[in-house]
Amino acid sequence: MALNSIRRFAGLYRTLLIVPWAFPPIILAFAWKWIFNDVYGFLPSLLTVLGITETNAAPLADPQLAFWVVLGINIWFGAPLFMVNILSALKTIPQEQYEAARVDGATGIQQFLFITVNHIREVIGLLVILRTIWVFNNFDMLYLLTGGGPGNMTTTLPIYAYQTGWNLRLLGSASAITVLLLIFLLIVTGLCFKLLSKWEKERE
């Protein structure tokens, strides 16, 4: 919404926000590992210099922080996909509808809920489906960041399947895990597509 309302330097802001998609996941993973490294990392050193922490912290090795750090990186990496597509959808909303709503006395929240959200919800729904599939199949960046640790705090099903198949040599169990993941994703995406179909019928 903010990007859609900006007129000056809009192209620069969009370019900066799409940076996560401009590099391969392996480069981003090593960059974030450098940023969070407790010996020479930028962020732990900065927090220590500012007096926020007494010693350099190791977020990726901390059982209480690792999950949230990885979650934040994953959101940062996936945000450009949502930004580009939702921004494109916002550009297609007729401005006359907002003008008519203001004449009728609609508040900003009402305009957002009944005009903006109503026009972009199909796009958001499709993006949620795609992002859900990608997140559940995410392996490379997460494995390079933490390897599933510390402990099993960041172990996802793809990492668990990899560890089961290649570390424990239980290829049958690893195959069963991936099949169960496929079934789960089929159920989730099926329900999401059903909801999208309902929204499309309501629009018609």
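This report describes the annotated spans, pockets, nonpolar cores and local backbone features of one structure.

The model is predicted: local features need pLDDT of at least 70, side-chain atom pairs count only at pLDDT 80 or more, and totals for chains, interfaces and linings use all residues. Residues are numbered from 1 along each chain as its sequence is written, and side-chain values use heavy atoms, with hydrogens and water left out.

**Annotated spans**

An unreviewed UniProt entry lists "domain: ABC transmembrane type-1" for residues 1–192. The annotation "transmembrane region", also from an unreviewed UniProt entry, covers residues 12–35, 65–87, 123–146 and 166–193. UniProt positions are given in the numbering used here, feature names are shortened, and annotations may be inferred rather than shown by experiment. Helices (H or I, at least four residues) and strands (E, at least two) are DSSP runs, numbered from the N terminus. Residues 1–192 are 70% helix and 0% strand, with end C-alpha atoms 24 Å apart. Residues 12–35 are 71% helix and 0% strand, and their end C-alpha atoms lie 24 Å apart.

**Pockets**

A pocket is an open set of points on a 1 Å grid over the protein atoms alone, where a 1.4 Å probe fits, with protein on both sides within 12 Å along at least five of seven lines; lining residues have an atom within 4 Å of a point. Grid points are joined across faces, edges and corners, and a volume is the space filled by probe spheres set on the points. In the lining classes, Ala, Val, Leu, Ile, Met, Phe, Trp, Tyr, Cys and Pro count as nonpolar, Asp, Glu, Lys and Arg as charged, and the others, Gly among them, as polar.

| Pocket | Volume | Lining classes |
|---|---|---|
| Largest | about 380 Å³ | 14 nonpolar, 5 polar, 1 charged |

The largest pocket is lined by 20 residues, with V70, L71, N74, V135 and T156 nearest its centre. Two or more lining residues come from each of α5 (66–91), α7 (108–136), α8 (140–145) and α9 (157–167); α5 gives the most, with 8 residues. Around the second largest pocket there are 15 lining residues, of which M1, N4, Q95, Y98 and T116 lie nearest the centre. Its lining takes at least two residues from each of α1 (2–5), α5, α6 (95–103) and α7.

**Nonpolar cores**

A nonpolar core is a set of buried (under 20% relative accessible area, 1.4 Å probe, protein chains only) Ala, Val, Leu, Ile, Met, Phe, Trp, Tyr and Cys residues joined through side-chain atoms within 4.5 Å. The largest has 14 residues, and W32, F36, L60, V69, I73, M141 and L145 have the most contacts inside it. The largest share of this core, 5 residues, comes from α3. Beyond neighbours within four places in sequence, V69 is in contact (heavy atoms within 4.5 Å) with F36, P59 and L60. A second, separate core of 10 residues includes I93, Y98, A101 and I120.

Q111 is located in helix α7 and is buried, with a relative accessible area of 11%. Apart from neighbours within four places in sequence, Q111 contacts Y98, A101, R102, A106 and T116.

**Local backbone features**

A cis peptide bond, with omega about -5°, joins G149 and P150; P150 is in the loop between α8 and α9. F9, in the loop between α1 and α2 (10–17), has phi near 60°, a positive value in a residue other than glycine. R169 likewise has phi near 60° and lies in the loop between α9 and α10 (171–203). With a relative accessible area of 60%, R169 is exposed (over 50%).
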